[in-house]
Amino acid sequence: MPQGARRTVGQVGFVVVLAVAVAWFLSVAAERHGFFDLEVYHGALSYWVHDGGEVYDYLKPRSKYGFTYPPFAALVMLPMAYLTWNAAILVSVALSVLASTVVIWWLLDPVAVRAGWTRWFTLAVALCLAAAYEPMRETVNFGQVNMLLLFLVAVDLLWLAPRGSRWLGVGIGLATAIKLTPGIYLVYLLVTGRWRAAATATAVAGGATLLAAALFPDASREYWTQALWNTDRVGELAFISNQSLQGVVARLDPGHPSTPLWLLLVVVTVLVWARRCRAAVSVGDEATGFALTGVVMCLVSPVTWVHHLVWLIPALILLVDNAMAAPAGGRRRRGLLAFAAVAYLVLISRLVWHWERGFGGVDGFVFSNFYVWISLALLVALPIRRSAPGPAAGPPAGSVAVDTAGVPQLREGERGASTGQRYRIGRLLAVR
């Protein structure tokens, strides 16, 4: 058998074994949520369309949970009201898998090309690992929309931004109109000086919101005046699944969480994020700016359930990207790979849930918030390096890396390419 064929057979065998191992892991370790959130969406939309009720008045039977997204999200999800329950599950899972595949491929393909890995094999291994990732499996099993929103933002920042598209901001605007938290990416555009893109995102989000208000005035009025401010529909801030800075503060004193302490932590975190994002975009590293913003969104949002941590996936992939770009056998490569491995293993382990019923004491403080510590570590330690010197970054000089403090370091680069070509070249070049 030719060497290439033997390699392919070996890779197929490895993927099959890995898929079986992941399936076994999920069978014994994954929680079963029965598409709880999807049942809320499906029930609320059916109640709205078929029973003549208001979408925000619906509560899932024997629970306090109802539809919590803006009216434009209800408009987008409206076809769900005409699907059977099993069809709604099928569509939800299929869309999440498709969106996840595209986003992971966009981030991972440069690593595969540069490292000489077989591209289909790299993607297959990554998807198996993603299936075991707790936030991903929670997103799918709850029937959540996280990966679809991540895809919309990725279209803007991984596809349109490197090409200098005038449509930059449309994906962020749509994501923000569907769920408010991706609006942090609109702030990201402002922080990094993309005024036109920020205006586009604002116009799209505003236009979508006004469209929903024109079509569904009663639902819009109820959402913006009542449902949005009803925190009882969301859940307890101190609940162990809330892996945000607000969750950390709430678990210190569940009865009286300190708002000033939380705001102080948010301000410091946002300042660090803004500085690092400006450093990334100034050297053309849009992917890292995209990843850092997903991390900070999880940290500063008042409620970040574990399934929301799919927004950490870009940062974890970029850790591997930077590791494989570093010299083989060097301390930098070993350190970044170790960081990525530890973060991934913790985030598939359900570690924090061991402190679900009691998070007092030093061990409770450390381990009940461990996913937050990983987010903070990614925020300050995810490397920045030159991808492409866009128009704002000056002339196309040698490739530059920026360390975690934002200090530039010269590295080998390419001259004379177009902006789009330089972006691809920069992501494919090994860091010397």
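**Entry 1: the chain as a whole.** I noted at the outset that the model is predicted. I found 19 helices and three strands in the chain. I then looked up burial: of the 432 residues, 52% count as buried. For the accessible surface I recorded about 19200 Å², with 67% of that area belonging to carbon and sulfur atoms. I also checked how far contacts reach along the sequence. Among contacts between residues at least 6 apart, 70% join residues at least 24 apart.

**Entry 2: the nonpolar core.** I turned to the largest nonpolar core, which has 119 residues. Which of its members touch the most others? I listed Leu 45, Phe 67, Tyr 133, Leu 157, Tyr 185, Trp 273 and Trp 311. I noted that helix 14, residues 286-300, gives this core its largest share, ten residues. As background I wrote down that nonpolar side chains tend to be buried together in soluble globular proteins.

**Entry 3: Tyr 185.** Setting aside neighbours within four places in sequence, I found Tyr 185 in contact with Val 153, Leu 157, Ile 172, Phe 290, Thr 293, Gly 294 and Trp 311. Two of these partners, Leu 157 and Trp 311, are also on my list of core residues that touch the most other members.

**Entry 4: aromatic pairs.** I recorded 21 aromatic pairs in the structure. Trp 120 and Phe 121 form an edge-to-face pair, with 6.0 Å from centre to centre and 80° between the planes. Are these two residues buried or exposed? Trp 120 is partly exposed, at 40% relative accessible area, whereas Phe 121 counts as buried because its relative accessibility is 18%, under the cut-off of 20%.

Next I looked up Trp 355 and Phe 367. Trp 355 lies in the loop between helix 16 (331-346) and helix 17 (361-368), and Phe 367 lies in helix 17, so the pair ties together parts twelve residues apart in sequence. I noted Trp 355 as buried, at 17% relative accessibility, and Phe 367 as partly exposed, at 30% relative accessible area.

**Entry 5: a ring cluster and a charge over a ring.** I found that ring pairs link Tyr 41, Tyr 56, Phe 67, Tyr 69, Tyr 223 and Trp 224 into a cluster. Last, I recorded that the charged end of Arg 163 sits over the ring of Trp 159, 3.7 Å from the ring centre.

Terms used: Residues are numbered from 1 along each chain as its sequence is written. Side-chain values use heavy atoms; hydrogens and water are left out. A nonpolar core is a set of buried Ala, Val, Leu, Ile, Met, Phe, Trp, Tyr and Cys residues joined through side-chain atoms within 4.5 Å. Buried means under 20% relative accessible area, exposed over 50%, partly exposed in between (1.4 Å probe, protein chains only). Helices (H or I, at least four residues) and strands (E, at least two) are DSSP runs, numbered from the N terminus. Contact means heavy atoms within 4.5 Å. Accessible areas come from the Shrake-Rupley method with a 1.4 Å probe; for residues, only the protein chains shown count as cover. Rings of Phe, Tyr and Trp (its six-membered ring) pair if their centres lie within 6.5 Å; planes under 30 degrees apart count as stacked, over 60 as edge-to-face and the rest as tilted. A charge sits over a ring if NZ of Lys or CZ of Arg is within 6 Å of the ring centre and within 35 degrees of the ring normal.
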